[in-house]
Amino acid sequence: MKRRDFLTAASASLLPVMLDGFGLKAMSRQSVLVQSLLNTTALASDRVLVIVYLNGGNDGLNTVIPLDQYSLYTGLRSNIAIPQSSVLGLDGNPATGLHPAMTGMRNLYNNGKLSIVHSVSYPNPDQSHYRATDIWMTAVDSSQTSVSGWAGRYLENQFPGYPAGYPNVQMEDPLAIQIGYLTSTALLGGQQSMGIALNDPDSFYQLVGSGGTTPPGDLPCCDAGDLIAYIRKQQALSVGYAGEIKRAADAGRNMATYPAVTAKNYLADQLKIVARLIHGGLKTKIYFVSLNGFDTHSGQVDQTDVRLGSHADLLGKLSTAIETFQQDLTLQGIEDKVVGMTFSEFGRRANSNNSKGTDHGVAAPMFVFGSNVKHRTIGQNPDLANLTGQAGSKEITMQIDFRRVYTDILNDWFGAQHTTTNALLFREFPTVSLFSDTVETVASGNWQDRNVWTVGRVPFANEYVKVNAGHTLTIDRSVSVKNIRLEGKLMYTGPYSIQMTG
Amino acid sequence: MANLDPYTTILTAKTAAHLLRRATFGPTQAEITGFTGLTAAQAVQQLISNADYSPPPPIDLDQYSSTAGQTFLDKPFNHARNFDLGHYMRCWWLGLMTSQAAPPSLLDKLTLFWQNHFVATREGVGDYRFMHQYLLLLRNNALGNFRTLVTQMTKDPAMLRYLNGNENEVGKPNENYARELQELFIVGTIDFAGNKNYTEDDVKAAARALTGWQYTNYEVDGSTSFTTLFVDAKHDTTNKVFSAHYTNTVITGRAPSPSGTPSAGELELADLITMLLAHPHSPRFICRKLYRWYVNPNVTQAIEDNVIIPLAQFLTSPANNWAIQPVIVKLLTSQVFFDVTNIGAIVKSPVELAVGSMRFFNQAVPVLPTDYAAFKTYFDFVFYRMQDMQMPILDQSSVQGYEAYYQTGYSKTWINTTTIGFRYDYTDAYVYRFLQVRPNYLMGIDVLAWATSLQANFSDVSGTLAISCVELLDGFTKNLFVYDLFPAQRDFLIDTIMMEGLPRTSWTFQWNAYRRNPTDPGSRYEVLYRLQNLMKFLLRMAEYHLC
């Protein structure tokens, strides 16, 4: 039994006895004992994931711009290409830049709080919004379907039986919250959503009230009976959680300055609520927020200034929202508890269309943000000289399967057992070392081959490297690393060496 | 099992109400009474023949406007008022849905089905005239021929605008419309077994066949007309080759045609629609969606085999040739439609809750054009509440339509911890009555008047017994729910909610006190409070949210 499991069990089984029959909830917040126990368990298990969905399919190539292939880039999309001089440079990474609207995320990158994961997709990609969104949210192969979402399956594994018996002493807060009115597929468990929808914590309590009398549970037959049971449960949950959400919303405080309402940055508005609830002590594990409008078939840049336009507005909102959220967490002193990730159902085609827009494509970058990310770059710029597809539809191919990112979040962020994670994602995916200092090998091969490394690129001189048992790496030139741990073998083809910089 | 065979049992109040709840936005008591005793075939025929295809036009509802109370679609385009006039056009449609003056018709519920099928939105399109023409196209063809509807829709200015069809040009195709035409409008991405119905190259080929369509005068201030154009120079004249999913069809690229003959665009569009309709899964895709809309979102393999496939065969049979009306008639008069397992099998959508409650509780729609200010108050309330409940009419968040019609869980999607709160808030408004539609018209249910109407010889307190709690509950719940309440539920409603633990005889005492002196505030409040509690709870019950 892990320490935190023991503590959870202990607080559940011992407290009612020690407190002479009063439930933990009745004593909560007033009792030093309860407070200290909760804090102890919290320390190990209060990690939060924030999922940011960019609805519509984000144009990755105008988001993360391959400066090392700038002329190929402009050749593919002359009517929407961002001028080289306007692209935001990144510290220590001259090959890559960000869209000029993304100063906030550039700052996070330079401060080591943002990972760019290049060219994320999956084999046999789908270009229907609906199907592709489903694939990302349910984490299946494109040839498979699943009724449950990846995050929902994780929560179901952690909190079996939900929603029967919830809220309860071990988990008095919602397992997941989607800011808005609907809950996404990603949060679906086997039977129903593991999360709740919350538009505004201030009005939520007022809206659902503090509950009333419970009517008899009689049900008619068939689908009508199932629907009535479902609606009654949603009624009960909304009331059950309303008090805790109100308490957290009242206790939490935003410390950074978010964009004004007039800026219409709905993502920032949503993340502001998330930061407030986390700071207020809500123990919800997963928050889901979204920004709409990325389906930029037409007019994604301004008619006269390509640095402006609808896509620039969206990226500006994304960047400002995430930077402000991260600042808020830092000021609140809870930065270490939270990690966030962005995703979109697909990237857009490398070549633009005639309407100053881009049609549905394949791979695109993901962003992972927070103070716990260990590598600023995973994978490398897409190779624009070797795109797939004929003229007229040049596609960016996958480097990183999105389920590798999910794998690291489940294993290394939430601390799930590897066997559990593999079951939740239907098979094993290699790490991308999101939360590990060490770059590891995933196969034998040439040191210079990006595919042998977890991070999808050759290790930098400032990174720890581990050659795993069973792997043999060929070294055909001298390389530098911070330090190396050798469990496999190295094979030198000449008088080369590994320089240790650490 | 139940199938498409005709349902021949004479309609009872329950089955008449079921038909009206599904085929319209919800019945009035009078409509239920009127349909009781008919056959399903007679009832559906009435719902069709009652359709009004020439309603009076939308009206400017802004009392501060110089054209308040006047029509606006016959006037030059006014860009400054684009949002408002678009919204009034939407309110006008809601008015058609809500009217209790016209006999019940299935037209607007079916129009909403098609609008959610061929989604274009006021927010995405902009120009209110475009939206109005698009809505009329849907409404006038809702019961017509699917081939005509989808062909016209492809050239419709609002749709060209919404899915970038006007930007789809030779050499630089914009695939947006071509993709949705296959994915959402005709074929479906995958079949019932999960196999893909077409390829990415089919999307590209279809886009090339659709190149060259344009519209005119989009949001041009002062313009008095607009139209669709086909521009030969923007059309891709090469052959379009499709995959084996479409039996390797080649649509011959047409060169510019002489004037007076069908354009290259028309000819290739006709070929394309013919090819898409010939896909074996297209009619099933359409029929499955209709079944989910009208009967039950839950489609099992048995339903697929016994209902969807036969209905699809009927839709495409040579005699029917994609006519919609006979398919609707067949479905709404079938045994499966009236099967007991399908009663209450759908969660009411916000429009069924919002408009349905207005109709059920006889909230009269202010008459246009004279009562335009009251009309605006009424439908602003309906629209913005529906928006809170996640169903802004004519403003779906994506081309896929409202989530509850495609997402796992289907109609359950309408309900979650937040929307349930907005639903309570909406139904509570009927009980607490704060919305003043106009002087002397307070929106909501006058529970005291209702109870009074149930009481025989109201003023004859000594000679006529007071109505009992049971009679009162029976009155308030008549046709309110899809099925009868259980005895324990009825007892709970009376003893716990209405009487709050007091004996039922206390009701007799309090009600008679009110009968004796209806103007005494104390007596009035005592019974009003109980009746309001009861009505509020009834409308908050999960049962009221089923359709």
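Which residues of helix H5 (residues 103-110) of chain A are buried? Point 2 takes this up.

1. Basis. This is a predicted model, in which local features need pLDDT of at least 70, side-chain atom pairs count only at pLDDT 80 or more, and totals for chains, interfaces and linings use all residues. Residues are numbered from 1 along each chain as its sequence is written, while chains are lettered from A and ligands numbered from 1 in the order in which they are written.

2. Helix H5 of chain A. The buried residues of H5(A) are Gly104(A), Met105(A), Arg106(A), Leu108(A) and Tyr109(A). Buried means 20 or more other C-beta atoms within 10 Å of the residue's own; exposed means 12 or fewer, partly exposed anything in between, with C-beta atoms placed from the backbone. The cover over these residues includes strands S3 (88-90), S4 (93-98), S5 (114-121) and S10 (364-369), together with helix H11 (310-332), of chain A. Just after H5(A), Gly112(A) has a positive phi of about 75°.

3. Chain A overall. Chain A has 13 helices and 20 strands. Both are DSSP runs numbered from the N terminus: helices are H or I with at least four residues, strands E with at least two. Of its 502 residues, 51% count as buried. Among contacts in chain A with a separation of 6 or more, 66% are between residues 24 or more positions apart. Contact here means C-beta atoms, placed from the backbone, within 7 Å.

4. Domains of chain A. The assignment gives domain 1 (47-157 + 176-235 + 285-322 + 336-424) and domain 2 (438-500). Such bounds come from an automatic or database domain assignment. The domain centres, taken over C-alpha atoms, are 31 Å apart. Seven residues of domain 1 of chain A and four residues of domain 2 of chain A make the contact. On the domain 1 side, two are nonpolar, five polar and none charged.

5. A three-stranded sheet. Chain A has an open sheet of three strands in the order S13-S15-S18, with parallel pairing. S13 and S18 of chain A are at the edges with a single partner strand each, so one side of each lacks a neighbour in the sheet. The twist averages 25° from one strand to the next. Strands count as paired if DSSP finds at least two bridges between them.

6. S13 (residues 438-440) and S15 (residues 464-467) of chain A pair over three bridges. Val439(A) stands opposite Val465(A) in S15(A). Glu440(A) has Lys466(A) as its bridge partner in S15(A). S15(A) and S18 (residues 483-486) of chain A pair over four bridges. There, Val467(A) stands opposite Leu486(A) in S18(A).

7. The interface between chains. Contacts link 48 residues of chain B to 45 residues of chain A. On the chain B side, the elements giving two or more residues are helices H10 (176-186), H11 (200-209), H19 (419-432) and H22 (487-498) of chain B. H19(B) gives the most, with five residues. The chain B side divides into 15 nonpolar, 22 polar and eleven charged residues.

8. Helix packing in chain B. The axes of H17 (residues 350-360) of chain B and H19(B) come within 11 Å and cross at roughly 5°. Axes are lines fitted to C-alpha atoms, for helices over the stretch in contact; angles run from 0 to 180 degrees between N-to-C directions. H17(B) and H19(B) are therefore roughly parallel to each other. The cut-offs are under 35 degrees for roughly parallel, over 145 for roughly antiparallel and 65 to 115 for roughly perpendicular, the rest being oblique. H17(B) contributes Leu353(B), Ala354(B) and Ser357(B), and H19(B) contributes Arg423(B), Tyr426(B), Thr427(B) and Tyr430(B). This contact has four nonpolar, two polar and one charged residue.

9. Domains of chain B. The assignment lists domain 1 (145-279), domain 2 (350-442) and domain 3 (451-545). The centres of domain 1 of chain B and domain 2 of chain B, over C-alpha atoms, are 36 Å apart.

10. A loop residue in chain B. Thr238(B) is in the loop between strand S2 (228-230) and strand S3 (240-241) of chain B. Why is Thr238(B) counted as partly exposed? Because 13 other C-beta atoms lie within 10 Å of Thr238(B). Thr238(B) and Arg208(B) are 30 residues apart along the chain, with 8.4 Å between their C-alpha atoms.

Methods:
Two residues are in contact if their C-beta atoms, placed from the backbone, lie within 7 Å. Ala, Val, Leu, Ile, Met, Phe, Trp, Tyr, Cys and Pro count as nonpolar, Asp, Glu, Lys and Arg as charged, and the others, Gly among them, as polar.
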